[in-house]
Amino acid sequence: MAQPNQQNGMPPQMKPPIYNGVHSSHSSRDSSPHGKNIPLSQLPPRSAIPPTQLPPSRSPNITQQLSQLNINKFNTSTPNQSPNPSGLVSSAFSPIGSTQAPPRTTQAPPTGYNFTQKPPSTQGQMPVITNQQPQQKPPTIQNQVQVPPPNQGQAPPSTQNQMPPPVKNQSFVPPPHNFNSSPINQGQAPPPAQSQMPPPIKNPNFVPPPHNFNSIANQGVAPPTTQGHTQIPPPIKSQSFVLPPSSVINQGVTPPPTQGQGQVPPPIKNQSFVPPPHNFNSSSINQGMAPPPTQGQSQMPPSIKSQAFVPPPHNFNSTPLTQGQSQVSSSQNFSSMQPPPIQGQIPPPNSQIHNNFNSSPSNQGYRPPPNQVQMPPPLSQGYQPPPVETNLPSNQFNNSSPRLPPPGAPKANLHSNRYPQGPPPQQSYNPQAPPSFNPQTQNYPVSAQTQQQFYQQNSVTQSGFNKLWGHDHFDLLQNPNVLPPEKVAPPKVYLGNELLDSANCSPEVFRCTMTKIPESNSLLQKSRLPLGILIHPFKDLTHLPVIQCNVIVRCRACRTYINPFVYFIDTKRWKCNLCYRVNELPEEFQFDPVSKTYGDPTRRPEIKSSTIEYIAPAEYMLRPPQPAVYLFLFDISRLAIESGYLQSACAVLLEELKSLPGDARTQVGILAYDSALHFFGLGEGLSQPHEMTVLEIDDIFLPCPDNLLVNLKDRIDLLTDLLTQLPTRYNNSYDNNSALGAALQAAHKMMGATGGRVSVFQASLPNVGPGALVPREDPSQRASTEVQHLNPANDFYKRLALECSGQQIAVDLFVLNSQYVDMATISGISRFSGGCIHHFPLFKASRVLQNERFERCFRRYLVRKIGFEAVMRIRCTRGLSIHTFHGNFFVRSTDLLSLPNVSPDAAFGMQVSIDETLSDVQSVCFQAALLYTSSKGERRIRVHTLCLPVCATLSDVINAADQQCIVGLLAKMAVDRSMQSSLSDAREAFINVAIDILSSYKMSLNMAEGPTSLLAPPCLRLLPLYISALLKSTAFRTGTCTRLDDRVKAMIDMKTKPLGHLIQMIYPDLYPVHNLEEQPIVLNSEEEPIPQPPHLQLTARCLDSKGAFLMDTGEHMILLVAPGVSPMFLSEALGVRDYMSITDEMYELPVLDNLHNQRLHQFINFLNDEKPAAATLHVIRDNSPNRIEFYERLIEDRVENALSYHEFMQHLKTQVK
Amino acid sequence: MAFNFPAFSYIIALIVDAFLIFFSLFHVIAFDELKTDYKNPIDQCNSLNPLVVPEYLLHIFFNVLFVAAGEWFSLLLNIPLIIYHINRYRTRPVMSGLGIYDPTSIMNADVLTRCQREGWIKLAFYLLSFFYYLYGYVIALENAHDHT
């Protein structure tokens, strides 16, 4: 075995391509003359985007119009030349503007900068002559003509357009002050919280309609009522929440009723915007009532408290009665409660935390310095939203609330911690005379921050605002229907500036677990949310600006690429948004290629789109770009032959041979192996392939190094020949062995000089030669709770993968096993070389469905885009750092991933840690830059930048969570955990994460919840559902019979699948399809109507016997037809006579000319459009034996050994403290 | 001046400990280089792994001498480290060669910080024990002197 030599890790010519900041900081810097010092005449021709390089579509007009956007934005003195400045932009907008158009597209040039798929084809010119004569070396690129990036754009007119410095910076300042000044704030939450809140930022003049405000008041008032035995009319939601005035005890509380109607008496409206005086009263009433009896003593140091509240009862004009009563009621509540142990209750989360993924200690921060706890009890009482949502008769709440409010208390404080204690609250808060409030109010804008104590008293209002802003709570126990009927959309990132928002990276490409980054690590720990990013860097994009320029503008210090979120100090300088260094702009950058004028740099596409691709100049290559090289390794052991995969694989390969991505230099080779290696010489002049069998597998050599990898174009006949013969050639071989290790070593030798892609088809356990394995799985243990052998048995494949990675070779695995193949070990070859793994368990080509799936998958694999010799670097704003990486690659340095191949279906995850406090910045950025060689031999850099605002309060953090992304990251972390520790540990960690997050939400809420409610923020309401689904997924389930290989493969999928597919794998989509023609439709890009049936939850409760249901698991769809379905559906949509004539092998739908059938097809095609390869379909009768396939995926229901969703919620409820 | 076995074991421990100090220095530097991107993790692991077992063996070697010399207290001081070493080696990632560092996982921030901390702590420990052995050597010599 070649020893893992250093060169392999990084052969000299491949040293971290210039890319790497450290090694190459000289590169782009030195090579690019700075226009400043150099007379224009000597400037390199400015080929910002030389017309020759552009596809015809990119006319100057468009670019100009594009640039218009920014010009307008900063309304500088730029002559506004474009006829329809914003018109075009907005029109570009509208077609995309379907519900989930990613913001980026709106910003992306409508048709403008060329899109990836058609790169300027520079390399077409040079015929590459690799194999013409037997060479000593493997065909290499020596013959290749160097293609310098064509520089010949016309020189721009030298007139410089002097522009006043753009006012850009201003746009970066979110207008929080608008906010503070709005009286709303008074209502509640600490000001910063608000300044971060999305809607207002978006809409600077945001003034909540008065009645909203009232509704807030309502809420504030309502809750006490609830506790006071009021019957609450169930269905009413926030605004119209009407308290039955006649409610038994609480009439006293009546101040509410006035507001309770949601109708505001005019005076109130006017006054207040500011919480109408008696609003305040009402809340103070609450306080007046609640604290004394119970929590008052237990937690609050009287001193401050009294200051803050001066609660003498007589203040509240309307309320003596109420007070008395609610005291009673509340004391009832509390009497039945556990001792007041606020403090005591908090720790428990701690105790559960250890097993959490973030093993860091938490919660310490939580315990409030007591003197700050002022307000909790009233809040908790006043706040209680459950009545609104849960429709519970209130007495339930009364009887016993074992865990009533305490956790709320610390929370309040969390906020108060943040801000300096304001001027003595008692001043401002003068409950005696409601009118006195007004002056106070007017002060507000000024001293907003200082009065936070006061705010807290009004968290009543906060609840209203939360509602207003969509921060409503969601009771998981009361509402089993958590899944929204439409697709779960990724939360939007609000940066406080619409231009930036629309420039931000698409959530499909780059996603963070939170849309707001907590400003410090302790805040992050309090939220208990994992912080990380998921990235799908090479996703097929429809709009991708491609730029070719001499100088790629990057920060000199940290090598960040210029992006929409940098600060322009003036037209000549920019400030890096990652390291804050001030850099100079090269003159070229100020040149607008469209108007051919110098000026505002913000017109450049780099500044307008956060996803962009550069065609890299020569400094970014350490060797000439490699050609596309594909090598196919076929297992021809007995098991493999029996499975029959070879026919399908060869047939597909033969068909797609010509569509393999690549240029004229593309090389292809084929190697077969059983206990020997079968090389196929495809030399010039041969009439048919020449097979050479090497029996010596322990020390591999290549029989004839030259003709094993051959130019696709030149030898296509020989290859065709070979692929036709191959499937039958070994039919009579009975060799049971498979020398995978040796074959891989041979592949490594064959491709070492160029790099490329190796596709391995493995059907049996590699049991001879290097890397031989023995079966480890004990089939009787498949259902046990402890799973062994998740880790590799040896490190042969890993070491080989590292060597391959050093030579820019990626190995992709197609595992078509019928027996155990030790996926855990052999997957190492792909995991560390940036490959991908496809698994077809129990494959038999005769099984139509499997074969279909394999063929589709392989076909997609062959024709999809590919990037060679890639590296990806992730940079993030100072203060953050990348902690752990997930995916298939080799981590070459702290932020550099080596990806010998990158494919559009590969995704990566990174955990991020907060090293320094971020309180002095408003936003943070992540930038992923992927440098790769396209199949056409161009070096390109694809840059994605994601910008996220920073927030300072716990409730902001929690309400900004991205549940799907969190689940994606958790799954990756859990895979690591199961490998390093054990599966049960990982499962426990999942549950603890759910508990911790819900607990911390409860704390952040600052309120009591009913004994039967389990509150979650709307943005996290699906989290427990997904977690319960994860616990039942193939990767993490226990107790159900799961083959080890399947489990390991599922784990690998968790690590590498793009988020959308991952979620679909965890929690398949279920749709009713029996009435598609009645469903609302949307039009797709081709103007076809697409029915949009609602998503159903995965439980039998959602099925009915008269329907047909389509379950989409990503790679496979199951159409379950229930017995009672209408005959019309059967005959028209499915084209069968009657129910029983649906056969067990119905794998496709007939195409019929009727509405039902068309809609069904349209819908299925629509679903398939989002997938890399169309899913296979299986139509199943409800009484066929196959239905188990469907029912086993109804994961919300109880299945053997696993809790149903509802039971899981109950379990969480008992654990959430 | 007589020279007895305890004194011999201490002088050996002293010398070996000096080597160990260099080892751990090298370890600390190597991980620092990794962290600052100067080195490729594969190279780094290749250079670190061969040193792991010798370090452990050297450490165990002079502890064997302590046992032979009946220097129980010195042994006691070292036992935790021996146990740590054994455990560390037992739980190493699956690998065919000697050593405990795996280039594919070494770059995880957790592992990296752990290794770095381990290096510093060991460095401190070896340094302190260096002086302790020196002291032990002198004491042992004196004891020998007293007896004679």
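Mentor: A salt bridge is a side-chain nitrogen of Lys or Arg within 4 Å of a carboxyl oxygen of Asp or Glu. Side chains of opposite charge can pair when their charged atoms come close. This is a predicted model, in which local features need pLDDT of at least 70 and side-chain atom pairs count only at pLDDT 80 or more, while totals for chains, interfaces and linings use all residues. Residues are numbered from 1 along each chain as its sequence is written, chains are lettered from A and ligands numbered from 1 in the order in which they are written, and side-chain values use heavy atoms, leaving out hydrogens and water.

Asp1053(A) is in a salt bridge with Lys1049(A), with 2.4 Å between the closest N and O atoms. The two residues lie about one helical turn apart because they are four residues apart in helix 45 (residues 1044–1056) of chain A; helices here are DSSP runs (H or I, at least four residues), as are strands (E, at least two), numbered from the N terminus. Asp1053(A) and Lys1049(A) are both buried, that is, under 20% relative accessible area with a 1.4 Å probe and protein chains only (exposed is over 50%, partly exposed in between).

Another salt bridge joins Lys798(A) to Asp102(B), the closest N and O atoms being 2.6 Å apart. This pair crosses between chains, from helix 37 (residues 796–806) of chain A to the loop between helix 3 (72–90) and helix 4 (109–147) of chain B. Lys798(A) and Asp102(B) are buried.

Finally, a network of salt bridges links Asp540(A), Arg860(A), Arg864(A) and Asp905(A). Over all chains, the count is 35 salt bridges.
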